[in-house]
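Subject: Structure for you to look at

Hello,

Here is the structure I said I would pass on. Please open it beside this email and find each residue as you read.

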Amino acid sequence: MASKSTLNAKNLEALGTERLAQLLIEISTGDAAAKRKLRLALAGAEGPREAAREITKRLTSIAKARTFVNWQNRKPLVKDLQTQRSAIMEQIAPHDPGEALALLWRFMGLATPVFERCDDSSGTVIDIFHQACADLGEVAKAADAAPEALARQVLDALQDNGFGQYDGLIAIIAPALGPDGVAHLKALVEDLGRTPVPVPPKSEWQAVGWGSGGTRYDHEMEERARQSTVEMALKDIADVQGDVDGFIAQYDPKTRKVPKIAAEIAQRLLAAGRAGDALGFIERAEVDNARWIPPEWQDARLAVLEALDRKDEAQAFRWACFERDLSGEHLRAYLKRLPDFEDIEAEERAMAHAAAHPDLLTALAFFLNWPSLGHAARLLVDRQDEVDGDHYEFLAPAAETLAEKHPLAATVALRAMIDFTLTEGRQKRYGYAAQHLATCADLAGRIEDFGLVEPHPAYAARLKAEHGKKTGFWSRMDG
C-alpha cells in the first residue's frame, strides 16, 4: 500500500481544495509557464470560448516576441508551444472544431516568426509544428470546413512554408477538402503557376545574396519559390487524386531519368497496376554503376521485376546489389528465395566475396552486422596492414564487440588506433590511446597464438622506442 505522503491524485485530494489552491499559488510564483497553464485551466473551466480567448492572447504574445532562443533556453519555448497546441486540441476541438481550426491556423502562423529567432538544431520545435499540421486534417474534417475557403487557406499556407512546417499538408487536408475541394485547390495552384512574380525596374532590384551565378535578387528568389511551390503542390495533388500521369508531368524528361525520381515514378505506376510502364522508367534512369546508386532505385527495380514475374532477373539483381555494396538486406532476400541447401553454399560464396572487398571497413561493417564475428576477426588479422586507425568511431565499438571471443582481432583494431594517434601526434586522443594499450595488455593474456601479429611485449617495447618522448601519452599510462 502506498504511503500517504506519496505524490498521487488520491493523496493530494485529501488535502482539500483550499490547501491545494494555496500550494498552486506558491508553486507557480516566479514560474511563468506554470502560471500560463493555470490560467488556461481556469479559462477552460469557464468554457471553450474563454479558453480560446486565453490561447489567442498567448499566441499573439509568442508572435510578437523578439528574444533569440538558443539551444540552452529552448526548453521553455518548446513547453509553451506544446501547452498551446494541447489546449487547442483538448479544450477547444471537442466542443467547437470551427474555433479550434481557426486557432490551429493561427498556431501554424507562428512557425515563421519563431524559427527566425530560434535555434532548432535538435528538430524539437519543428516536430511540434508538424504535429499541429497533422491536427489540421482531423479538426478541419470535424469542423466540416467549406472546401473552397479551405483550399485557399491551404494554398496560402504552402506559400509560407519556408521552414517545412507545412510539409505533407495536402495529403493531410485532402479528406476534409473532398474531391471538389482538391479539384478547386488544383485550379488555384495552376492559376498561381500562370502568374509569375513581377520583375521591377532594374533600379529597384534588391540584392539578397550571392551565388555561383552572381548576385541574387529578391524578385528572382520569390519567383523560384513560386515555381517550387507550384511543382510540389501539383505532385502532392496528383498523388491524392491517384493521377500518376499528372505526377509524372511535373518532371521534365531529363529529370525523369534521375534514379531517385525514376524510382518515385515507378512505385506509383506499380501501385496503379502499370508494371510495364514502371520498368520503362527504371531502365531509362541514368544509373552510374561506378558511383553510389540510390537504394530507392534498387528497391523499385526489384519490385517491378517481381510484379512482372521475372524472378530470375530479380534474383540476379539482388546478388549484384550485394556484390557491389555488400548489402546485407539484399543478400538475405537472395538467400531466402533459394532452395534448401543451396542457400548454405551461396552464403559461403558471399562471405568469401566480402572478405576480398577492396574497402576493408565496408567488409568489416558487413561482417559485424550480418553478424559473423569469426569472419570479421579473420578479416582484421589477415589484412591488419590495411586498418586505418583514424576511424576510431568505427574501430572502437568493433574492438569491444570482438574482444570476448576474438581477442587477437580486437587487439589489431586497438593497435591501429594507438599507432595512428601516436604517429600523427593527436594529443587529444592520448587518453583513449592509453586506455586502448591497457586493454591490449589485458587481452594478451587470453591470446594463445599471436601468429603473424606482433606479440604484446614486443609491441609495447617498440611503442616506447618510437614514441618515448611523447610524455603526454606515457604520463597517462603511468597514471
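This is a predicted model: local features need pLDDT of at least 70, side-chain atom pairs count only at pLDDT 80 or more; totals for chains, interfaces and linings use all residues.

Helix packing

Two packed helices are described by the angle between their axes and the distance between the axes. Here the pair is helix α16, residues 311–325, and helix α17, residues 328–336. Their axes are 8 Å apart and meet at an angle of about 145°. The crossing of α16 past α17 is left-handed. On the α16 side, the contact is made by Gln315, Arg318, Trp319, Cys321 and Phe322. On the α17 side, His330, Leu331, Ala333 and Tyr334 take part. Sorted by class, this contact has 6 nonpolar, 2 polar and 1 charged residues.

Aromatic pairs

The structure holds 14 aromatic pairs. One of them joins Phe115 and Phe163, with ring centres 5.2 Å apart. The planes of Phe115 and Phe163 are at 25°, and planes under 30 degrees apart count as stacked, so this pair is stacked. Where do the two residues lie in the chain? Phe115 is in helix α7 (residues 111–115), while Phe163 is in the loop between α9 (147–158) and α10 (169–193). The pair therefore ties together parts that are 48 residues apart in sequence. Phe115 has a relative accessible area of 10%, so Phe115 is buried. Phe163 has a value of 37% and is partly exposed.

Trp319 and Phe322, already named in the helix contact, also form an aromatic pair. Their centres are 5.2 Å apart and the angle between the planes is 50°, which makes the pair tilted. Both residues lie in α16, 3 residues apart, or about one turn of the helix. Are they buried or exposed? Trp319 has a relative accessibility of 10% and counts as buried because the limit is under 20%. Phe322, at 0%, is buried as well.

Trp319 and Phe322 also belong to one aromatic cluster, together with Tyr334, Phe366, Phe367 and Trp370. Tyr334 is one of the α17 residues in the helix contact.

Charges over rings

Which residue lies over the face of Trp319? It is Arg349, at 4.4 Å from the ring centre. Elsewhere, Arg415 lies over the face of Tyr459, at 4.3 Å from the ring centre.

Regards

Conventions:
Residues are numbered from 1 along each chain as its sequence is written. Side-chain values use heavy atoms; hydrogens and water are left out. Axes are lines fitted to C-alpha atoms, for helices over the stretch in contact, and angles run from 0 to 180 degrees between N-to-C directions. Helices (H or I, at least four residues) and strands (E, at least two) are DSSP runs, numbered from the N terminus. A crossing is left-handed if the near helix is turned anticlockwise from the far one by less than a right angle, and right-handed if clockwise. Contact means heavy atoms within 4.5 Å. Ala, Val, Leu, Ile, Met, Phe, Trp, Tyr, Cys and Pro count as nonpolar, Asp, Glu, Lys and Arg as charged, and the others, Gly among them, as polar. Rings of Phe, Tyr and Trp (its six-membered ring) pair if their centres lie within 6.5 Å; planes under 30 degrees apart count as stacked, over 60 as edge-to-face and the rest as tilted. Buried means under 20% relative accessible area, exposed over 50%, partly exposed in between (1.4 Å probe, protein chains only). A charge sits over a ring if NZ of Lys or CZ of Arg is within 6 Å of the ring centre and within 35 degrees of the ring normal.
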